[in-house]
Amino acid sequence: MRAEAEHECAEYLAARLPRLHRIAYLLCGDGHRAEDIAQATAIAIYTNWKRVRAADNTDGYVHRMLVREYLGQRRLSWARVLLTDRMPERAAPDGASVEDRVAVLTALAGLPKRQRAAVVLRYFSDLSVQDTALALGCSEGNVKSQTARGLATLRELLTKPARRRAGALPGEEMIRNGVNS
Amino acid sequence: MSDDVERDADVRGWLSSVEPPELRLTPAATIRAGRTRARRRRLVVSGAAAIAVLAVAAVPAVASNLRQGGSTPAPSEQPGASASAAVACKATPLAVPDGLARKGALKNIVIATAIDPSGRYIVGRTHGSVNNSPAAVLWTDGKPAILATEGEDVVPTAVNSQGVVVGRGWMKAAPPMSGGFAWIYRDGKARQLTMPSGYTQDFGSPTVNEAGAVLAIVYTPDRSHEAVVLWPAGATDQPQVLSALSDKSIRGVGFGTDGKPVAWSRSAKGPVLWSADGQHRTLPLVGGKSGWVVNTIRGPWAVGTVLPESGKESQVPLRWELRGGELTALPAARLGNAVDVNPAGDVLVWNEILRADGRVVTLTVPAGRQAATAGFSDAGTTVIGLIGPAEEATSPSEVVPEVPTVWHC
């Protein structure tokens, strides 16, 4: 890659990487996997920079790459491949909202992958139905139905007080007993 | 924003409330990884499978170009670290075993990941189509064999001088997030290590001591809890959770002084070293840099690196003496990542061994290529790693294969 294009790509990644990481975390619910997904997407952006830059809707195109990585990925770790490129440690994040975060992540984990992706892309990434359909590679009608079902399940899990206790949902209890939902 | 989205503000609020763990990736590191990926892709596309026999002459070592290119010198207690020694380490390519393709691995990408203390055994990972490692490789006296392991992603992470290999694995399983495991290869057979109840994900690289005891970090499926687990020698089904080391955000483990398990976690001030009885202390860092990593804990030592924000600055390799926590900051270099340490306190940094007595031993690397090392033997005389191109190829004719390599000094 030419130096100018590489600089351009680096600037794009500097601006977007944290957001991509956050979306990946909402999609997979796991810090390490989210980093893997974000990095794999970022590497794909780098290696396909010409196409990314030429896209009509760059962010939409990149979302598509990230969702594909999430849907196709399971436990990968590109970072581990690199013998000498381990990442630095930094201060741990504020843990004030750990309980809420666990509750939301546990509820999200209860959704099928595509429903989860539809909800995250529509309500966190603010993608239109059309762009979400493009990212997921499905019809707009399918996006609407996946989103509706995902929202219903999320509300079921997150708003019924009888099913909640402090910091834990039924799903989490099962997870701690080694029985993932 | 559409009316629908306005109406669903509760969902937006929930999603926005989720803060991920702090991102450790940097654009610069990603660009480096992207370059490597682009290079690998070219290798595969061009079908450059033949492994070049490296014509390497044993020449007196001199301070490397990389070292000369280093900038800001760091505080150093290493006596005469700039002195070079009349010792060179000769590179020999590691043979790639037959049958990798049948396992779904690309035959021209094998990476040596660990070496035993005697230098006789070396293990390596392979690469499949999705960055997984479909097969694990064991070299015994240089002769390669594919280990009969289960799983779609098997990465050997350590080997002892009896040839006992441990690693992490993953296989597709239901329920989701439950397919991770640690494994051990002994007496010609690989077995999964029994996880403690409630823990189904292995993440931390398992390590093995000379007696055959295994140490690893394991996680609950949602990764809300982690534990450091010890499997005593010969007991694959008796995991012992080291409670004093659990739920401490442990990032790495090793067998430290006197062979006892130790671990490190992160804090805002630097790495925190934990012993199995729960005693802990923060290890010192050199100032002026914002990122750091601990790469290896081995015997009385740990090694790591302080990393700069900018790729133009130098890295500072670090060595800590575990009993007293004494820090030795080694000479800074652009590629100054300390990857391993031996009992004598010699540190393997990129393509050099920084001996405890101040000598510098340089690994021989053919012109136009560079080395990335992964570990060395207790004596510091056998080193493993990879030799690859120094620069990204711009045409198929310039593509240079990446070769798993052993250096004998």
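Me: Which residue in β5(B) is the bridge partner of B:L138?

Reply: This is a predicted model, and in it the bridge partner of B:L138 in β5(B) is B:A145. The strands concerned are β4 (residues 136-140) and β5 (residues 143-146) of chain B, which pair in the antiparallel sense.

Me: How many bridges join β3(B) to β4(B), and in which sense do they pair?

Reply: Strand β3 (residues 121-126) of chain B pairs with β4(B) in the antiparallel sense, over 5 bridges; B:Y121 stands opposite B:T140 of β4(B). These strands belong to an open sheet of 4 strands, in the order β2-β3-β4-β5 of chain B.

Me: Why are β2 and β5 of chain B called edge strands?

Reply: Each of the two, β2 (110-115) and β5 of chain B, pairs on one side only. From one strand to the next, the twist of this sheet averages 30 degrees.

Me: Why is α7(A) described as largely enclosed by the rest of the structure?

Reply: A residue is buried if 20 or more other C-beta atoms lie within 10 Å of its own, and 9 of the 11 residues of helix α7 (residues 113-123) of chain A are buried, so the helix is largely enclosed. Among these buried residues are A:Q115, A:R116 and A:Y123.

Me: How do you know that α7(A) and α2(B) are roughly perpendicular?

Reply: Angles of 65 to 115 degrees count as roughly perpendicular, and the axes of α7(A) and helix α2 (residues 9-17) of chain B cross at roughly 95 degrees, coming within 10 Å; the two helices are therefore roughly perpendicular to each other. Where they touch, A:V119, A:V120 and A:Y123 in α7(A) meet B:V11, B:R12 and B:L15 in α2(B), and by class this contact has 5 nonpolar, no polar and 1 charged residues.

Me: What makes α8(A) and α9(A) roughly perpendicular?

Reply: The axes of helix α8 (residues 129-136) and helix α9 (residues 140-159) of chain A cross at roughly 95 degrees and come within 8 Å, and since 65 to 115 degrees is the range that counts, they are therefore called roughly perpendicular. The residues of α8(A) that take part, including A:V129 and A:L136, meet A:E140, A:V143 and A:K144 in α9(A). The contact divides into 4 nonpolar, 2 polar and 2 charged residues.

Me: Why does B:D187 count as exposed?

Reply: A residue is exposed if 12 or fewer other C-beta atoms lie within 10 Å, and B:D187 has 8 such neighbours, so it counts as exposed. B:D187 lies in the loop between β8 (180-186) and β9 (189-192) of chain B, and has a positive phi of about 55 degrees although it is not a glycine.

How values were computed. Residues are numbered from 1 along each chain as its sequence is written. Chains are lettered from A and ligands numbered from 1 in the order in which they are written. This is a predicted model: local features need pLDDT of at least 70, side-chain atom pairs count only at pLDDT 80 or more; totals for chains, interfaces and linings use all residues. Axes are lines fitted to C-alpha atoms, for helices over the stretch in contact, and angles run from 0 to 180 degrees between N-to-C directions. Angles under 35 degrees count as roughly parallel, over 145 as roughly antiparallel, 65 to 115 as roughly perpendicular and the rest as oblique. Two residues are in contact if their C-beta atoms, placed from the backbone, lie within 7 Å. Ala, Val, Leu, Ile, Met, Phe, Trp, Tyr, Cys and Pro count as nonpolar, Asp, Glu, Lys and Arg as charged, and the others, Gly among them, as polar. Two strands pair if DSSP finds at least two bridges between them.
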